[in-house]
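User: Please take a close look at the strand pairing in this model, and describe carefully which residues face each other. Then set that part beside the helices, the core and the contact between the chains.

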Amino acid sequence: MTQAPDPLALPSPAPASRAPSARAWLRALLGSPVSAVSLLWLVMVAVVSAFASQLAPYDPLQNNLNALLQGPSIHHLLGTDELGRDVLSRLMFGGSTLLWGAAEATAVALLLGVPAGLLAGYSGRTADRLLTWVADLSFALPAFVIVVALAVIYPQNVAILMGALGVISAGGVLRFARNLTRAARNELYVDAARVAGLRRRQILIRHILPVIAPPLVVQAFVGMSVGLIVLASLSFLGLGTNPETPNWGQMIYDASQQITSDPWLLVPAGAVLVLTVMALNFLGNAVRDLAPGTRPSGRARQPRSRRGVGQRDLPAAGGAGPAQPPAGPLLRVRDLVVTFPAPDPAGTQTVVDRVSFDVAAGETFCLVGESGCGKTMSVLAVPGLVPAPGIVSGGSVLFDGAELAGASARILGKVRGSRIGFISQEPMTALDPSFTVGSQLREVLRRHAAIDRRTARARCHELLGEVGIPDPAATAKLFPHQISGGMAQRVAIAIALGGEPDLLIADEPTTALDVTVQAEILDLLRGLCERRNMALLLVTHDLGVVADICDRVAVMYAGQIVEQGSAEEVLSDPRHPYTIGLLSSMPGAAKAGIALAAIPGTVPVPRDWPAWCRFEPRCPLAADACRAGAIALAGLGAGRLSRCARVADLAGER
Amino acid sequence: MALGRLVLAVPMLFVVATATFFLQQLVPGNPGSFILGNEASPAEIRQFDAGLGLNKPVLQQYGSWLGGAIRGDLGTSWTSHSPVTQTLLAAAPVTLSLAALAIVVIVCLGVPLGTLAALRPGPADRAFQGLAGFAIALPNFWLGVALVLFLAVDTHLFPATGYTGLADPAQWLHALVLPVLALAFGMTMSLALQVRSAMIDVLAKDYIRSLHAAGLQGRSVLFKHALRNCMAPVITTVGFQLLGLLAGAVVIEQLFNLPGLGSVLVAGVTEHDVPLVQGAVLLFAVFVVVVNLLTDVAAAALNPRARGR
């Protein structure tokens, strides 16, 4: 049998939101040409099959011994078969048995499987276990073989054979519906409905069924496609349908008997069957991709497009430029631009906009700002790790004199790990789950130094000890899922240190950790930087971290640096309303009896960035000057920079 | 997990054995008239039934069928009167050869193809997806007929039908090329699609970026880490495909006239030979159980979480 889409390959059931309205949904579905053509084809096949007796030019069973095995002609558009019967007419009649049979199997599977799945997913353990057991049982049956075997008793009885297929397939539907229901019942609005005292049946029908319906529609398409192939295979074997009623599978068998005399006969029936199965599969996939809470099966979605703001609106490069740190920079980033492709006419969307900063050897430099400011993209660009389809489309990244922006994989490979280390935000996902902690660390160590296994092992334990892991030998043997988040972050740091880098880039290294662990990791990082004279480029949204560990800081907002200076000065004497906002919304700034301040609104997505001051919509000091045009990053002396039209009015604001 | 499956396997086989036995009870009238037809005299029919013990009470027949099945005795054919077990054992190597070769082809082509598609976004990937959509929808029997037409009838490169035993490996392989191609084509593309999406998922993971950031070269990251993490979904798919192969073999053996289990099953169905059909179904069920078990064991071995501490 041809492999039909595997039902378990469907997306993990995670309905996140309510289904959209049916009309919007249909419009989205038909937006893709493939789905539209598929739907059109299926409708055509259904209509032609339903009205075959009116539409067909000939009687499909009418022999014509004067017109045997003729090729396509005016009289017989698709030719005639070995008995002179019109192929087109036989095709038109040949769909209905297959479609009805497939529909029957699908309907039986859904009618048995969905209610049982709802019950299993929503009721207690006993019912769930029993039903899942039955489902597993049916899942382990050789379905096609059983249907063939039943033909010994019920030869050519489509209703019984396809009904049996439906019963066996119901187990798969049951399991699928159960998992969807399980996921849906844990959603908050279902909890709310339960607390509000709705009855179980009401909850199931009104709240759970609509959420699990779209994936079940996908199941219906899969079922139809499998049913068609099964019935066509049965007919090809001569077991499915009465030879007197033509169907596509039977026609392919007939054609196979004539391949030496008339190979053409294979084409029409094969094409119609393939196109119908393809249309069902494509539509099933399209429905799956549209289902709420599921991810498209393709590549990662591209970020939303940016409209209206063109390149001309970009501010000129900061005239003053960041002040040179005294030691001469190890890393020198200038006018860095990171863009993602966007479907709109401009074609790109800028997420990092002319960012410039320096990091001196041994220095700790922070990029701070809310989520969505472009901090992470800015630092990922340094070792060339901006995720596709994003690109560094402008600017320069000079590391120890070498240009890394747009550098080849070979050059980047030489720098990564050995000169620049990297730690990411989520320690648990930053380690490969399939390998032990020690094996990952040793692999990195051996990449950077020509050492034998024994030395690598010793070095590995030494490093794990250095990052504060109490029993390095035992920990090295563990898999990532066996250690805590704090331990995992220590391991990630050890891996980043494996090549003895001069610069460590840490992207929110403490965000995912417990508060107590956060302080430990920060202490560890500070200690490591001091001991190794290693520079640290740290991304954080936490000003407490800045105060704790940083020498200098750049505040980012909406893809731009809005303020920069020494950490002490920026925190004690902020020169940008955004920094002031961040500072006053820190819990530490709270005064008893006064509500904690917060910056109203959120960081806009890139396409909504204003052409003037990007913070203006949220700024308490916004004035006409702020809307006059893009604001430049201006030097305030002593290494201080600010991008604010009203910077003069800010002095003494706090 | 694997142990759970093993525990499940026993009742499952019991249910299948019971269900296949009662297939016989669905025979209209009695077996004698079913086989011998309407022309047979009542005495002939009685003699046929008595000869096979089919006139005994149902429960007694069930008991002896089940007892026999456990010992590996699946009864006597109604038409050839030879032991069913013997017929099945003679046919099994054909089906197993077909399935084994097909799965080798599927894995050896599907995994690299899917990986390549994941690494080459753009037109090549889209063309691959279109081809895969077509390949998955193409019925294997249609492809089989077309292969016979082009590679056997027209060019005589391969035999159109027939099977030679493993005694002559070259002949054996030669005879199985077309059936294996027909069987494997759609499933290869379907596995490649699975590998492609698993690969795209894995390549977007944080740890892949971390490995790159630590200076590991692209090839090591791809072949050691990314492929390793794709294996769990791939193994599950391969397990499903092995089951699909057993079903596909029923059609393909018929088409290429291979004397395998599928041919035995279809012959039993067309000749109303119920014991032969029962035996074939039971043997297929045993294969399903074994494949599921192997899949679970392999998936567990690949997943450190399931391996325990």
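**Strand pairing and its surroundings**

Strand β1 (residues 329-341) of chain A runs antiparallel to β2(A), and nine bridges join the two. Within this pairing, Val338(A) stands opposite Val352(A), a residue of β2(A). The model is a predicted one, and the pairings described here are computed from its coordinates.

The pairing of β1(A) with β2(A) belongs to an open sheet of four strands in chain A, ordered β2-β1-β4-β5 and paired in the antiparallel sense. At the edges of this sheet lie β2 (348-360) and β5 (402-403) of chain A, each of which pairs on one side only. In general, strands of a sheet pair through backbone hydrogen bonds, in either a parallel or an antiparallel arrangement.

Strand β10 spans residues 560-566, and six of its seven residues are buried, so the strand is mostly covered. Strand β9 (residues 552-557) of chain A pairs with β10(A) in the antiparallel sense over six bridges. In this pairing Met556(A) stands opposite Ile561(A) of β10(A). Two residues lie between the strands of this hairpin, and there Ala558(A) takes a positive phi near 50°. β10(A) also pairs with strand β12 (residues 640-642) of chain A, again in the antiparallel sense, over two bridges. Here Glu563(A) has Ser642(A) in β12(A) as its bridge partner.

Leaving out residues up to four places away in sequence, Leu522(A) touches Thr510(A), Val545(A), Asp548(A) and Ile549(A). Of these, Thr510(A) lies 12 residues from Leu522(A) along the chain, and their C-alpha atoms are separated by 7.6 Å. For Glu530(A), a separation of 55 Å is found between its C-alpha atom and that of Asn285(A), 245 residues apart along the chain.

The largest nonpolar core has 282 residues, and the members touching the most others are Val147(A), Val148(A), Ile252(A), Leu98(B) and Leu265(B). Helix α8 (residues 169-203) of chain B gives the most to this core, namely 20 residues. Apart from neighbours within four places in sequence, Val148(A) is in contact with Leu234(A) and Leu239(A) in its own chain, and with Val250(B), Leu265(B), Val266(B) and Val269(B) in chain B.

The contact between the chains takes 69 residues from chain A and 72 residues from chain B. On the side of chain A, the largest share is that of helix α11 (residues 266-290), with eight residues. By class, this side of chain A consists of 42 nonpolar, 19 polar and eight charged residues.

As to confidence, the model scores ipTM 0.90 and pTM 0.82. Chain B has an average pLDDT of 86, and 97% of the residues score at least 70.

How values were computed. Residues are numbered from 1 along each chain as its sequence is written. Chains are lettered from A and ligands numbered from 1 in the order in which they are written. This is a predicted model: local features need pLDDT of at least 70, side-chain atom pairs count only at pLDDT 80 or more; totals for chains, interfaces and linings use all residues. A residue is buried if 20 or more other C-beta atoms lie within 10 Å of its own, exposed if 12 or fewer, and partly exposed in between; C-beta atoms are placed from the backbone. Two strands pair if DSSP finds at least two bridges between them. A nonpolar core is a set of buried Ala, Val, Leu, Ile, Met, Phe, Trp, Tyr and Cys residues joined through C-beta atoms within 7 Å. Two residues are in contact if their C-beta atoms, placed from the backbone, lie within 7 Å. Ala, Val, Leu, Ile, Met, Phe, Trp, Tyr, Cys and Pro count as nonpolar, Asp, Glu, Lys and Arg as charged, and the others, Gly among them, as polar. pLDDT is the predictor's confidence in each residue, from 0 to 100.
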